[in-house]
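My entries follow in the order I made them.

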Amino acid sequence: MDFMYQTWPWYFSGFVIGMVMLTLIFLGKTFGMSSNLRSLCTLASAGKKVPFFDFDWKASRWNLVVVLGAMLGGFVAVHYMSAPTNVAINPETIEQLAVLGVDAPDGKLVPDALFSSSVFQSPKGIALLLLGGFLIGFGSRYAGGCTSGHAITGLSNLQLPSLKAVIGFFIGGLIMAHLLLPLLLK
């Protein structure tokens, strides 16, 4: 059972993701998390007001189970399967984050300064969450899918638009990490 409590190596996790994708391709299904938001809006009767949400969500209800599984898996991983020795961060990265006022994660996957309930106690934190949520939602619709849809499903199906989207995601991540994050944390 010790294997379950440790961070899994990339090659094992990659193999499992590859097997899931082969199964989905065999079954004629596609995977992506942002499409579930459309299904959830349809379930909430948004299709009565916006034609985009007026579709048969039952055809993709299997994907809603994926969302529940991701939420349950995240909960179990954080509360029952996270060993503090699993996370090894480059000391230079810790120093760079300290300059920005971000504490070292101390064995956690994310630092409390960026991912804790204290974010909701400041207007700046709430504004950043709202703006970030809007940009993620807009970007995933504009790109025709989210990172998981393009990077996992699209690339495994050898789709050129997905390759372009993934390159864009990486460029955006680099811009955010190196240019915008230091400005936002000042």
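With which residues is Gly47 in contact, leaving aside its neighbours within four places in sequence? I found Phe53 and Asp54, where contact means heavy atoms within 4.5 Å.

**Basis.** I noted that this is a predicted model, in which local features need pLDDT of at least 70 and side-chain atom pairs count only at pLDDT 80 or more, while totals for chains, interfaces and linings use all residues. Residues are numbered from 1 along each chain as its sequence is written, and side-chain values use heavy atoms, with hydrogens and water left out.

**Confidence.** I looked up pLDDT, the predictor's confidence in each residue, from 0 to 100. The protein averages 83, and 95% of the residues score at least 70. Among the elements, helix H1 (residues 2–5) has the lowest mean pLDDT, 70, and H8 the highest, 89. Where pLDDT is low, the predicted coordinates should not be read in detail.

**Overall.** I listed 8 helices and 0 strands; helices (H or I, at least four residues) and strands (E, at least two) are DSSP runs, numbered from the N terminus. The C-alpha atoms fill a box of roughly 50 × 45 × 35 Å along the principal axes. Of the 186 residues, 18% count as buried; buried means under 20% relative accessible area, exposed over 50%, and partly exposed in between, with a 1.4 Å probe and protein chains only. Among contacts with a separation of 6 or more, 49% join residues 24 or more positions apart.

**Loop between H3 and H4.** I went back to Gly47, which lies in this loop. Gly47 counts as buried because its relative accessibility is 19%. From Gly47 to Pro111 I read 39 Å, C-alpha to C-alpha, across 64 residues of sequence. Ser45 lies in the loop between H3 and H4 as well. Its phi is near 70°, a positive value in a residue other than glycine. Ser45 is at 35% relative accessibility, so it counts as partly exposed.

**Other positive phi values.** Leu158, in the loop between H7 and H8, has a positive phi of about 55° although it is not a glycine. Leu158 counts as exposed, at 78% relative accessibility.

**Asn36.** Is Asn36 buried or exposed? I found this residue of helix H3 buried, with a relative accessible area of 2%. Asn36 touches Asn63, Leu64 and Val67, not counting residues up to four places away. A polar atom of the Asn36 side chain lies 3.5 Å from the backbone oxygen of Asn63.

**Largest pocket.** I took a pocket as an open set of points on a 1 Å grid over the protein atoms alone, where a 1.4 Å probe fits, with protein on both sides within 12 Å along at least five of seven lines; lining residues have an atom within 4 Å of a point. The largest pocket has a volume of about 1,400 Å³, a volume being the space filled by probe spheres set on the points. Its lining has 37 residues, with Leu128, Gly132, Met176, Leu181 and Leu184 nearest the centre. Helices H3 (34–43), H6 (123–142), H7 (147–156) and H8 (160–184) each give two or more residues to this lining. H8 gives the most, with 12 residues.

Note on methods. A polar contact is a pair of N or O atoms within 3.5 Å; within protein, one must be able to donate a hydrogen and the other to accept it, and residues adjacent in sequence count only if both atoms are side-chain atoms.
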